[in-house]
Amino acid sequence: MTNTPTPPLTSRPAWRALAAHHEAIRDVHLRDLFAADPARGTRMTATGASIFLDYSKHRASPQTLELLFALARECQVEERRRAMFAGEKINITEGRAVLHTALRAPRDARIVVDGVNVVPLVHEVLDRMRTFTDQIRSGAWRGFTGKRIRNVVNIGIGGSDLGPEMAYRALAHYSQRDLTFRFVSNVDPTDFAEATRGLEPAETLFIVSSKTFTTLETMENANAARRWLLAAIGDEKAVASHFVAVSTNGPGVEKFGIDTANMFGFWEWVGGRYSMDSAIGLSTMLAIGAYAFGEMLGGFREMDEHFRTAPLEQNLPVIMALLGVWYTDFFGTQTAAILPYDQYLARFPAYLQQLIMESNGKSVTLSGARVTYATSPVIWGEPGTNGQHSFHQLLHQGTPLVPADFIGFLSPLNSNGRMYELLMANMFAQAAALAFGKTPEEVRAEGTAEALVPHRVFEGNRPSSVILAPRLTPATLGTLVALYEHMVFVQGVIWDIDSFDQWGVELGKTLAVSIARDLDPGVETPPERDSSTNGLIERFRAARDS
């Protein structure tokens with residue numbers, strides 16, 4: 001896809017109309033919007049891929065939505081969507097296609113990149129993953145000493161860690177419980193020490209996930225794992241029985257001691273934060289089994305089809321993306337909260353932090369011009385009622401306006417009395433309280449002393465979405481992840497940025513390599529470096545030497 005210049009976003013007619021419309025609606029309260037339209041709570045909903053979205057508690061009128069959909073069409077969201085699914089190279093700065101959707105394409109699909117149908121390549125890797133998974137879960141694969149593998153440690157960073165760990169925790173209900181799963185990402189030696197504490201080396205398998213097999217943090221942890229294993233077993237040949245790789249660097253994998261027959265590849269058209277359903281998800285498949293992993297891929301695929309085919313006005317990722325643009329660029333919100341009311345989704349906000357902020361945390365348009373508007377908000381959140389007793393105070397009565405996504409399920413995986421009903425009652429109540437608040441008159445009617453009235457007033461008018469699914473299953477998890485993946489894509493199109501590169505990650509990594517050399521004894525700190533960094537290096541050296 002060619003990078004043809006587009007009109008500046010803020011000069012588009014729909015953008016200008018939205019700016020004028022915002023002036024008229026910004027102070028309208030949700031109480032008034034609901035009073036003017038008694039059917040609003042049922043009318044402003046959408047369903048797709050077994051996901052129900054209630055977006056009625058947003059500070060938006062029918063006119064707002066009409067203008068937002070007009071903006072999407074002016075920004076050619078539908079054309080860019082077609083280009084992505086067709087395998088065109090929409091990752092402009094790296095000259096790559098963006099085809100995480102191919103990772104869950106059915107076996108008979110055809111998606112061509114550079115003249116090659118990539119779908120058979122995807123299924124070849126999936127088939128090898130299934131074979132390996134069956135060997136580990138059945139006990140057919142044995143460690144070097146003949147013991148069964150009972151522990152799996154995933155070593156990665158960024159997308160090769162956040163996705164697998166989130167998925168494992170989200171789907172723990174479906175996992176094989178006689179296998180222990182742990183995750184290592186941080187180069188802090190404590191991460192590795194705690195992840196391996198209590199494990200028997202002869203029963204432990206490491207998955208080293210690095211496309212290039214050169215990622216600094218991943219390889220440092222992989223080498224630590226290698227030392228840990230050999231300290232217990234003492235034979236270099238043991239590495240091949242206790243390590244597999246998710247990589248494309250065959251020579252590097254082989255040099256490490258891993259049999260390249262146990263190397264699972266993926267492709268340059270898969271970004272790390274979009275890769276949890278590729279070979280990066282090997283630990284997920286080991287945990288839940290090949291069949292359940294296939295169900296998860298089916299959930300991804302169902303949302304892909306909804307996003308690809310549904311009209312914009314009924315399209316869940318599009319609706320969520322446009323509402324995000326509305327708050328970020330017109331209300332000036334700087335953060336957004338992800339609030340899953342399910343303990344299994346405890347790591348889902350952290351996963352979405354990378355997906356959203358690494359994708360759309362950009363300040364340059366596709367043509368290289370500086371943006372003149374806000375892009376990605378800061379994403380944060382915690383599960384369930386925990387957040388109600390920590391940061392919800394700010395959501396309700398603080399000065400920042402924080403749009404929130406509440407995520408819940410109609411049926412529990414675990415039951416105990418009426419605990420689940422109480423959990424969901426809290427979720428519905430929080431969304432209602434944020435939207436409608438409590439007026440001074442209502443506070444006084446409760447008999448509150450006048451001096452306390454201002455403290456007990458809830459202004460309300462705090463926007464939120466409620467996302468409901470029938471049950472947290474592997475398929476549902478795939479659907480939820482794909483929902484946010486496509487939301488990110490739509491927002492990137494609107495903001496005219498490349499959602500699929502991450503150059504901002506590179507500078508710090510490069511500097512870290514240079515500074516690591518300077519921490520060695522006897523190395524003179526470069527005089528051209530800033531005095532603060534050199535001072536910190538000298539202080540660290542002095543402390544270590546003492």
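These are a few notes on the overall build of this predicted model and on one residue, Gln 343.

1. Some ground rules. The model is predicted, so local features need pLDDT of at least 70 and side-chain atom pairs count only at pLDDT 80 or more, while totals for chains, interfaces and linings use all residues. Residues are numbered from 1 along each chain as its sequence is written, and side-chain values use heavy atoms, with hydrogens and water left out.

2. Start with the parts: the protein chain has 22 helices and 13 strands. These are DSSP runs, numbered from the N terminus: helices are H or I with at least four residues, strands are E with at least two.

3. Next, the dimensions. The C-alpha trace spans about 75 × 60 × 60 Å along its principal axes.

4. How much is tucked away? Buried residues make up 55% of the 546. Buried means under 20% relative accessible area, exposed over 50%, and partly exposed in between, with a 1.4 Å probe and protein chains only.

5. Now zoom in on Gln 343, in the loop between β10 (335–340) and α15 (348–360). Gln 343 counts as exposed because its relative accessibility is 55%. Leaving aside neighbours within four places in sequence, Gln 343 is in contact with Pro 383 and Asn 386; contact means heavy atoms within 4.5 Å.
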